[in-house]
Amino acid sequence: IANNSCNYGGGGMYLYYANVINGLIANNSSNDAGGGIYNNYNSSITNSTIVRNSSGNRGGGIYASGTTTLVNSVVWGNRRNSEVSNIANENHVSCSYSAVEGGFLNGTHVVNLRSDNFGDVDNVFYPWFVSPDNGDFRLFENSCLINAGTNSVSIPAWDLANETRVYGDTVDIGCYEFHGEVNCVPPVSFVAQDVTGSSAMLTWQNHNGDGSSYCELSYKKTEDAEWIVVDSIPTDYLMLSGLQQKTSYLARVRTVCDMNTFSYYSETLHFNTGCYIGEQSVTI
């Protein structure tokens, strides 16, 4: 359930005596309450993923007007007017064996997720979705959501991708079960630095940490149809040279994990070269 909107009462779903199982509720919005879900009364949410929703007032992810049971589910990346807002009216919510960005005060076995999707800091919990920017909320092998749920409730036999539950000893948190597959995640933190009239240093972070992956970068002038491809980049940076001055450029980068496995592209980066005054390069 994605990319929906409303003025009031649940951009993605409005619940009343309902059970949500294996739900992916993403990128919905409400001008008032419950960007992802507005629960009016006595509903449950099991093995679901409520992510990247927004509201204008209360509860970017979930607004609980009535009794809400949340189990084996993840609530992350939801916002209220650009501020973190995952669950509103927590006193109406029974939250257990779930993962919530920023935590959940009175929950049981709740993972306190960071706002960053990827990270390597010890004792800090990141969701490690394959590519949230591309709507891919499957789990990467580093995810803290793997084997973090509970089998003591009624769980579905299949996940949202029609793969079997449970893989391993314990069910995963969210709508997708990790089956040991090797997912290739895209680079993040893609930026242009030291842009001059003829060059630009592009840098990124590659979180495929097994040492066997490399990156492929594409760039072009904004008005051009064809991309120029630079492949087999072993580093997390590339200096582009020979650029035209006073020109708008686009760039994107992806990970190549093996000859048959590519990540999504990063978000497209836009930068402008400066101009030359005599012999001197001037950045604008």
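Modeller: Asn89 lies in the loop between β15 (87-88) and β16 (93-101), where strands are DSSP runs of E with at least two residues, numbered from the N terminus. Please keep in mind that this is a predicted model, in which local features need pLDDT of at least 70, side-chain atom pairs count only at pLDDT 80 or more, and totals for chains, interfaces and linings use all residues. Residues are numbered from 1 along each chain as its sequence is written, and side-chain values use heavy atoms, with hydrogens and water left out.

Biologist: OK, what is the phi of Asn89 near?

Modeller: Phi of Asn89 is near 65°, which is a positive value in a residue other than glycine. Most residues other than glycine have a negative phi. Asn89 has a relative accessible area of 30%, so it counts as partly exposed (buried is under 20% relative accessible area, exposed over 50%, and partly exposed in between, with a 1.4 Å probe and protein chains only).

Biologist: And Asn81, where is that found?

Modeller: Asn81 is found in the loop between β13 (79-80) and β14, and its phi, near 50°, is also positive in a residue other than glycine. Asn81 counts as partly exposed because its relative accessibility is 47%.

Biologist: Which peptide bond is cis?

Modeller: The bond from Arg165 to Val166 is cis, with omega near 0°, and Val166 is found in the loop between β19 and β20 (188-193). Most peptide bonds are trans.

Biologist: Let's zoom out. How many helices and strands does the protein chain have?

Modeller: The protein chain has 29 strands and zero helices, a helix being a DSSP run of H or I with at least four residues. Its C-alpha trace spans about 70 × 40 × 35 Å along the principal axes, and 49% of its 284 residues count as buried. Of the contacts (heavy atoms within 4.5 Å) with a separation of 6 or more, 61% are between residues 24 or more positions apart.

Biologist: Which residues in the largest nonpolar core touch the most other members?

Modeller: Those are Val74, Leu113, Phe129 and Leu145, in a core of 18 residues. The elements giving two or more residues to this core are β4 (24-26), β12 (74-76), β17 (108-113) and β19. A nonpolar core here is a set of buried Ala, Val, Leu, Ile, Met, Phe, Trp, Tyr and Cys residues joined through side-chain atoms within 4.5 Å.

Biologist: What is Val74 in contact with, leaving aside neighbours within four places in sequence?

Modeller: Val74 is then in contact with Ser48, Thr49, Ile50, Ala99, Leu113, Phe129, Leu145, Ile173 and Gly174. There is also a second, separate core of 17 residues, which includes Phe190, Leu238, Leu240 and Leu243.

Biologist: Back to Phe129, what stands opposite it in β19?

Modeller: Leu139 stands opposite Phe129. Strand β18 (residues 129-131) pairs with β19 (residues 136-139) in the antiparallel sense over two bridges, and strands count as paired if DSSP finds at least two bridges between them. The two form a hairpin with four residues between them, and Gly135 in the turn has a positive phi of about 75°.

Biologist: Last one: what does Val84 touch, not counting residues up to four places away in sequence?

Modeller: Val84, found in strand β14 (residues 83-84), touches Asn78, Arg79, Glu101 and Ser115 on that count. Gly274, by contrast, is 190 residues from Val84 in sequence and 37 Å away in space, C-alpha to C-alpha.
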